[in-house]
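Let's walk through a protein together, one question at a time. Have a look at the structure first, then try each question before reading on.

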Amino acid sequence: MLYYSIAGLIVGLVAGLLFPMEVPVQYTKLLSVAILAGLDSVLGALRAVMVGNYDTVVFISGFFVNGFLAMLLSYIGNLLGIDLYLIGTLVFGMRIFQNIAVIRRLYMGK
């Protein structure tokens, strides 16, 4: 399982270097919230693996649904003229730090 993750990371990095993309400025806020949502899901999955209650269906559905809803919330905020992406950034940032803290404690055995 770890080998697939490392291989996927390497393929993604090589593809990103070989095929660079430019994101239009108006979509950078949407993309940043979606990236944070994806990172939150990945760290939550790592935490679940370490605890022993990982479920692939929960991970995949959470990854895509969280990312989509975060982008939708940010997009609606843009239409209304409200910076709702800041809420997503704050919430996902807090969840990422909480997951990292739990992972660190589990890794250290405390």
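Q: In what order do the elements of the protein chain run from the N terminus on?
A: Helices here are DSSP runs of H or I with at least four residues, strands are E runs with at least two, and both are numbered from the N terminus. The chain has four helices and zero strands. So, going by that definition, the order from the N terminus on is α-α-α-α.

Before going on, a quick note on where the values come from. This is a predicted model, where local features need pLDDT of at least 70 and side-chain atom pairs count only at pLDDT 80 or more, while totals for chains, interfaces and linings use all residues. Residues are numbered from 1 along each chain as its sequence is written, and side-chain values use heavy atoms, with hydrogens and water left out.

Q: What share of the residues in the protein chain is buried?
A: The C-alpha trace spans about 45 × 35 × 25 Å along its principal axes. Buried means under 20% relative accessible area, exposed means over 50%, and partly exposed is in between (1.4 Å probe, protein chains only). The chain has 110 residues, and the buried share of them is 22%.

Q: Is Gly 38 buried or exposed?
A: You'll find Gly 38 in helix α2. Its C-alpha atom is separated by 15 Å from that of Gly 8, 30 residues apart along the chain. The relative accessible area of Gly 38 is 8%, so Gly 38 is buried.

Q: How far apart in space are Gly 67 and Leu 43, C-alpha to C-alpha?
A: Gly 67 sits in helix α3 and counts as buried, because its relative accessibility is 12%. In sequence, Gly 67 and Leu 43 are 24 residues apart, and in space, C-alpha to C-alpha, the gap is 14 Å.

Q: Which residue forms a salt bridge with Arg 95?
A: Side chains of opposite charge can pair when their charged atoms come close. A salt bridge here is a side-chain nitrogen of Lys or Arg within 4 Å of a carboxyl oxygen of Asp or Glu, and the structure holds one. With its closest N and O atoms 2.8 Å apart, the pair joins Arg 95 to Asp 40.

Q: Which helices does that pair link?
A: Arg 95 counts as partly exposed because its relative accessibility is 40%, whereas Asp 40 is buried, with a relative accessible area of 1%. The two are 55 residues apart, so the pair links distant parts of the chain. Arg 95 is in helix α4 and Asp 40 in helix α2.

Q: How much space lies in the second largest pocket?
A: Rolling a probe the size of a water molecule over the atoms shows where empty space is left. On a 1 Å grid over the protein atoms alone, a pocket is an open set of points where a 1.4 Å probe fits, with protein on both sides within 12 Å along at least five of seven lines, and lining residues have an atom within 4 Å of a point. Grid points are joined across faces, edges and corners, and the volume is the space filled by probe spheres set on the points. For the second largest pocket, that comes to about 250 Å³.

Q: Which helix gives the most to the lining of the second largest pocket?
A: Of the 16 lining residues, the closest to the centre are Ser 41, Gly 44, Ala 45, Val 58 and Arg 95. The helices α2 (28–51), α3 (56–80) and α4 (85–108) each supply at least two lining residues. With six residues, the one that gives the most is α2.

Q: How far apart in space are Leu 46 and Asn 99, C-alpha to C-alpha?
A: Leu 46 is found in helix α2, and counts as partly exposed because its relative accessibility is 39%. Leu 46 and Asn 99 are 53 residues apart in sequence, but C-alpha to C-alpha the distance in space is 8.7 Å.
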